[in-house]
Amino acid sequence: MASTPRSAASQKALPGPHHEQCALVLQGGGALGAYQAGVYEALEENGICPEWVAGVSIGAINAAIIAGNPKPLRVPRLKEFWEGVSSQLVAPAPPAQWGNQVREFFNESSAAMVSVLGTPGFFKPRVPAAQYQPQGSLAALGIYDTEPLRATLLKLVDFDRINRNCPDGNVRLSVGAVNVTSGNFAYFDSADRLHSSPLGPQHIMASGALPPGFSPVEVDGEFYWDGGLVSNTPLQYLIDQPAAEDMLVFQVDLFSARGHMPRNLSEVAERGKDIQFASRTRFNTDQIAIQQKLSHAAQKLAAKLPPEFANDPDLMKLLNAGSASAVTIVHLIHRSKHFETQSKDYEFSRATVREHWAAGRADVERSLADPRWLNRHRPAAGVNVLDLTKPAKR
């Protein structure tokens, strides 16, 4: 996971004449989250440092590490996490010339080991097993024990930093989870001093408590599961928050909504998981664009109306349909290689983790070198979505 110098093509990291609040949005996806770490490393190298990081599941863990450390420590802490969780599967991957079937067998074998042994610093098999735990206890509600993750978070994340204003720059943190009993989605936000308790490891663990693997996590007397059960990306949450300035959002997805027709049952399972956890990101961005256009049209209409309509409640509803600020969404999508299978989200081998990390870096460099990024302008209708990476060949 060694760093590489900035490319000459991406020296102009933040084109545009105006300031934008920069946000990083991280989807859930287990072992695929190493892609997000590579994305962050490349963004930082190109002078792009988010002021707001939002995540779900593994995205919440990466987001907490970023927000919970000063800039010089963020990439080292991310590397420490990903090197740690892959530390028991360090065998090299087979050479490419051995063919895709051999590599697929390697990946499936690595994932099988994780399902049996767990992964260091993250989760381990529950002993005794959940079915032998007292009925109704939290231990009876999850196959694995995630206490190793609590220890890892306390080691790698400065939660005091997240919950206070730091003189060297605070990064806002928002993580999503689902209330087990109500089924409602909830966000834990470091900027919400009124309704949310100070963020701690329990909030991050709640966001990643995917059943039936992991037990729900208690937060302020309520129990929560993985936010990916309802929505695997926090993009809508960011857009819905009041904004006084334009926003630049890097949306990092670990599952691609678009894909190829499956050829066998293994690919059926992988494609189904992609569709399930892609969380309709493109639908969400389309809806955001519609909201922004409605708000923009309402603003122009309001300027033409007589003064007595200024406080009309119907007009106010139209004006509040979207943000008056412009939003640029740079879409970065992990696209599976031909040898990856339905187990890709729990395949924590060192070789695969490093490949995902490198893929995240490469997609950022490709996006920032694209003329559509370098020549971009403030969206005339309020929103602009840039997907500048190419689908992988299969």
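The largest pocket of this predicted model is lined by 26 residues, with L210, G213, F214, D345 and Y346 nearest its centre. A pocket here is an open set of points on a 1 Å grid over the protein atoms alone, where a 1.4 Å probe fits, with protein on both sides within 12 Å along at least five of seven lines; lining residues have an atom within 4 Å of a point. Its volume is about 530 Å³, taken as the space filled by probe spheres set on the points. Among the lining residues, 15 are nonpolar, nine polar and two charged. Asp, Glu, Lys and Arg count as charged, and Gly as polar. Helices α2 (58–67) and α4 (100–117) each supply at least two lining residues. Helices are DSSP runs of H or I with at least four residues, and strands are E runs of at least two.

R74, V75, L78, F81, W82 and V85 of α3 are buried (under 20% relative accessible area, 1.4 Å probe, protein chains only; exposed is over 50%). These residues fall within an arc of 125 degrees seen down the axis, so they line one face of α3. The arc uses directions from the helix axis to the C-beta atoms. Their cover includes α1 (34–45), α2, α5 (147–156) and α12 (350–368), with contact meaning heavy atoms within 4.5 Å.

In α5, the buried residues are P148, L149, T152, L153 and L156. Their arc is 135 degrees, so they too line one face. L154 and K155 are exposed on the other side of α5. The buried residues pack against α2, α3, α6 (159–162) and α7 (201–207), and against strands β3 (124–125) and β4 (144–145).

Residues are numbered from 1 along each chain as its sequence is written, and side-chain values use heavy atoms, without hydrogens or water. Local features need pLDDT of at least 70 and side-chain atom pairs pLDDT 80 or more, while totals for chains, interfaces and linings use all residues.
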